[in-house]
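Colleague: I'm new to reading protein models. Could we go through this one together, bit by bit?

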Amino acid sequence: NSPITLALVVVTPGVFTLENLPGLPLTLAASQSVNVDLRFTPVADGDVDGVLSLTPGAGDPYDVVVRGPGRVASYGVNPGVFDFGTVCMGQAAVQRFELTITGSADVQVSAPAITAGASIFAVTFISPLAADYPASLPPGGMAVVDVTATPTSATASGVLQINTDVGGAATEVALSVSSISSGVAVGPPTLDFGAVPVGSDSNPETVTLSNCDPTDL
């Protein structure tokens, strides 16, 4: 039932910090308790092990093992911008967009939406379905939507917007499409296969050739 005197309280490494630490030295009477708060502020990806050391006025220190999981939240959207090229007036062209979690932390994703050009562009939810948003995607997880462009004028533009809990700002994918009432329509004008490991096959990319005239081409 003797009182205990705490002479020193420290935590290492520096990504762990002490808060609400009472003044030291501190004497604790029998059955008396004191709370010390710890905060973890990771600076890199990966688990961090540390030690909270409480040194009494006499005797050996008391060590408490602490662990903090540092995680990085990041993602990528492919394609990051898309030109549907030229389609026949009134016909539809479809492009798939994929959001992939590239970091080590879960990411909260709101339903992708067309925020400009909604009369021309429309979203179809592939995975997750519309009812499953907002969705929590794990590392390596993916959200997939199709965007359909149905132009009614010579040129049109729009924006596919994706909101997440990463970075505070939405990701905006610029969309564009052209249409003709006669002639040959080809789209898209550019294909980007992204990063492909040497010796591996990429996913297939499609180019569409359309005859917009009433006679055979």
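This is a predicted model: local features need pLDDT of at least 70, side-chain atom pairs count only at pLDDT 80 or more; totals for chains, interfaces and linings use all residues.

Colleague: Okay, is P3 buried or exposed?

Modeller: Anything over 50% relative accessible area goes down as exposed. P3 comes out at 54% relative accessibility, so P3 counts as exposed.

Colleague: And which residues is P3 in contact with, leaving aside its neighbours within four places in sequence?

Modeller: Look along the chain to L28, 25 residues apart from P3. The C-alpha atoms of P3 and L28 are separated by 5.4 Å. Leaving aside neighbours within four places in sequence, the contacts of P3 are T27, L28 and A29.

Colleague: Let's do rings. How many aromatic pairs does a search of the whole structure find?

Modeller: Rings of Phe, Tyr and Trp pair if their centres lie within 6.5 Å. Searching the whole structure for aromatic pairs gives five.

Colleague: Take F16 and F40: what kind of pair do their rings make?

Modeller: F16 sits in strand β2 (residues 16-19) and F40 in strand β4 (residues 37-40), so this pair links distant parts of the chain, 24 residues apart. Planes under 30 degrees apart count as stacked. Here the ring centres are 5.0 Å apart and the planes are at 25°, so the pair is stacked.

Colleague: Which of those two is buried, and which is partly exposed?

Modeller: The cut-off for buried is under 20% relative accessible area. F40 has a relative accessible area of 24%, so F40 is partly exposed. At 6% relative accessibility, the buried one is F16.

Colleague: What about F82 and F97, stacked or edge-to-face?

Modeller: F82 lies in strand β8 (residues 81-88) and F97 in strand β9 (residues 93-101), so the pair ties together parts 15 residues apart in sequence. F82 is buried at 11% relative accessibility, and F97 is buried at 2%. Their rings are 6.2 Å centre to centre with 85° between the planes, which makes the pair edge-to-face.

Colleague: Which residues do ring pairs link into a cluster?

Modeller: F82 and F97 are both part of it. The whole cluster is F82, F84, F97 and F121.

Colleague: Last one: what is the area of the nonpolar surface patch that includes V186?

Modeller: V186 lies in strand β17 (residues 184-187) and is partly exposed at 40% relative accessible area. The patch is made by V184, V186, L191, F193, V196, V207, L209 and L217, and its area is about 720 Å².

How values were computed: Residues are numbered from 1 along each chain as its sequence is written. Side-chain values use heavy atoms; hydrogens and water are left out. Rings of Phe, Tyr and Trp (its six-membered ring) pair if their centres lie within 6.5 Å; planes under 30 degrees apart count as stacked, over 60 as edge-to-face and the rest as tilted. Helices (H or I, at least four residues) and strands (E, at least two) are DSSP runs, numbered from the N terminus. Buried means under 20% relative accessible area, exposed over 50%, partly exposed in between (1.4 Å probe, protein chains only). Patches are made of residues with over 30% relative accessible area and no salt bridge: like charges are joined within 9 Å, nonpolar side chains (Val, Leu, Ile, Met, Phe, Trp, Tyr) within 5 Å. Accessible areas come from the Shrake-Rupley method with a 1.4 Å probe; for residues, only the protein chains shown count as cover. A salt bridge is a side-chain nitrogen of Lys or Arg within 4 Å of a carboxyl oxygen of Asp or Glu. Contact means heavy atoms within 4.5 Å.
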